Amino acid sequence: MSEEKTKVADIDRSLYDFRYEEDERDFLGSGITADIIGALSDEKGDTDWMREFRLRSLEIYRRMPMVNWGPSIEGLDVDNIVTYIRTKSRMNSDWNDVPADIKDTFEKLGIPQAERESLAGVGAQYDSELVYHNVRKEVAESGVVYTDLESAMHDERYAELIRSHFMKLVPPTDHKFAALHGAVWSGGSFVYVPAGVKTEIPLQSYFRLNARGAGQFEHTLIILEENSSLHFIEGCSAPKYYEAGLHAGCVELYVGRNASLRYSTIENWSKNMYNLNTKRALVEEGGKIEWVSGSFGSHVSYLYPMSILNGRGARAEFTGITFAGEGQELDTGAKIVHNAPDTSSYINTKSISKDGGISTFRSAVTVNEKAVGSKSSVSCESLMLDSISRSDTIPVMDIRTDKADVGHEAKIGRISDDTVFYLMSRGLSEEDAKAMIVRGFADNVSKELPLEYAVEMNNLIGLEMKGSIG
Amino acid sequence: MSQLLEIKGLTAGIEGKTLLHGIDLTVGAGETHVLMGPNGAGKSTLGSVIMGSPEYAVSGGSILFKGEDITDESADKRAKRGIFLSFQDPVEIAGVSLSEFLRNALEQLTGKHTKLWDHKKKLKQCMEILGMDSAYADRDLNVGFSGGEKKKAEILQLLVLEPQLAILDETDSGLDVDAVKTVSAGIEEYKRRTGGSLIVITHNTRILDALKVDKTHILAAGKTVAEGGAELAGDVIEHGFERYINGGK
Ligand SMILES: Nc1ncnc2c1ncn2[C@@H]1O[C@H](COP(=O)(O)OP(=O)(O)OP(=O)(O)O)[C@@H](O)[C@H]1O
Ligand SMILES: [Mg+2]
């Protein structure tokens, strides 16, 4: 019986966990030394400032202590993680030019489909390089720039803009993995939306890791000028492999006056990954950032997107879901800094833990003296699917003005036997019944996602729920 | 005629406590049975055990459905055979709409894909019979429904799922006078369409007015203490349970 169960789970996982043999010659070698960073700069043709930036970041990385306040990352041997892997292909703008094995991988992930279904563009990162990139004409015609960050850096039209924004919001001194990112970052997207341009169709990029032991350090930089708007979707899914995998990406979002950005992600890392991702948004007067975040997979995750509300009336909304299964410890949450009057933030998260998984939700809301008349509401609901799983809520509030309205609510629950019996009495198997309850629980997040992503998330929940019946 | 449901010597309970002591109950195809008894007699327990609730363990006797032993089957398998329970306290499920839930259930029961359009049409038609606002189809299942609305939603499920045997556990309690009428009409419509069998658990005969009752069973302290025809139900309402419970003394 239990053997059968394991088999089922393995087959299902294979739908998302698949990888291809990488060409060994493409490795730059293990460990992170100044030489490696230099070689990376050579390979990338870095400008002088980037060359220096990488080396300075490496210094900071060496000096900074290991993160030690959250889930254990002892199993992570950063020096042995290959920091950079080239794929065999260069940039492609036509699907037909994408190498067959890469194409097959994407096909399994449904990328060309999504493309057909009127998404604005796909910038998918295979290993560390962008191999497929295509922005719909109309988006480009409106003046929106959507390209890979590396080539944008070498484009004189954007070089200065990037230099003045790159890792200014998340400096290498922020924490050890931000420093590591500054040293070895590779790949990622650059989006620029000019003043007044409202982008109707969402821009999408899909990341995944391939090579065994490969680190991935992609950088996303998005700049929205005044009165513009954009929906950017980032999806991640990684194949399963045996050595410790590390993801230390960085996302920097600049939201100008009265601009509005929605940033959606569904992350589905393979179960041995350390996901130490840093995401941050700076919102000017009257601007708005909306985060929609689904965290699946990984062995350990540290993920707390931060919104800095810097101008009067700036707003942040965070809707997130985290699913921690067997052997997983997902430490997620959101941070908000209210730096100006009349700013508002709204955090609404759900977390699910199962088969001994641990899910910890941290919120940190800071309301500074200047932020009079600001409002913040934090709500967190956890669902534990069995008695061996854990769920914790750690809300932190630092309120420095008495003229603010701040609320926090946390609920922890279990799936009730009565509910499962009710659904089973209508013909649903125990597994389907539980999956339906969990999907319902996650509904407020899937509602925020574009349809095909909501479907993918529901499928992921279905996969995670498989084999859960003892 | 072969029997639809045959319960023989059913003994069941929870850990350390027997709640049903050797119940016999036979329901033929198309028949309507009434189950009455004082509070705490074990009526809901019996309904749950017939449906296959894992809350109770069966320690003796058997349950046959269409001649097959289902005593140890899980609830979903029994549902697929055609058994349905209208709950005394229907549960609320956030994030799952009534319509989506019913479509899912229907597909599980029939093993066939149901076209969204056809499903919506049928659902709307069934909701009309019960005087339910069609907007309820898109609301989360039972969430924020009033007590009476939840009961109506149970009968709506009965109409959509069309089981062969429906156990209605106090579907009439908490309903206003008019609602009892509409719900009765819904149950009548179910019988007319499917010719299915009913076990009606109630404290009130009003819901039975429109139904032709074949048999009444009185349960007390987990035992059947009296059985009779339709007249027995009326008699109980008029005189109470006393004489049946102490009948043996
Ligand atoms: N899970 C349980 N744990 C403990 N006792 C239970 C449980 N389920 C039922 N009982 C007990 O079994 C007895 C029968 O309960 P049941 O709900 O079947 O009564 P009923 O006949 O439906 O009553 P009512 O008319 O009030 O609905 C009651 O004494 C009840 O407290
Ligand atoms: Mg009862």
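For sorting residues by class, Ala, Val, Leu, Ile, Met, Phe, Trp, Tyr, Cys and Pro count as nonpolar, Asp, Glu, Lys and Arg as charged, and the others, Gly among them, as polar. You are looking at a predicted model, where local features need pLDDT of at least 70, side-chain atom pairs count only at pLDDT 80 or more, and totals for chains, interfaces and linings use all residues. Residues are numbered from 1 along each chain as its sequence is written, chains are lettered from A and ligands numbered from 1 in the order in which they are written, and side-chain values use heavy atoms, with hydrogens and water left out.

**Stop one: ligand 1**

Select ligand 1 and show its surroundings (residues with a heavy atom within 4 Å). You will find 15 residues, and the closest include B:Gly40 and B:Tyr56. By class, this shell has five nonpolar, seven polar and three charged residues.

Next, pick B:Asn39: one of its polar side-chain atoms lies 3.0 Å from an oxygen atom of ligand 1. Then try B:Gln88, where a side-chain N or O atom is 3.1 Å from a ligand oxygen.

**Stop two: the largest cavity**

Select A:Gly320 and A:Thr322, which are among the closest to its centre of the 17 lining residues. The lining divides into six nonpolar, ten polar and one charged.

Note on methods
A polar contact is a pair of N or O atoms within 3.5 Å; within protein, one must be able to donate a hydrogen and the other to accept it, and residues adjacent in sequence count only if both atoms are side-chain atoms. On a 1 Å grid over the protein atoms alone, a cavity is a set of points where a 1.4 Å probe fits but cannot get out, and a pocket is an open set with protein on both sides within 12 Å along at least five of seven lines; lining residues have an atom within 4 Å of a point.
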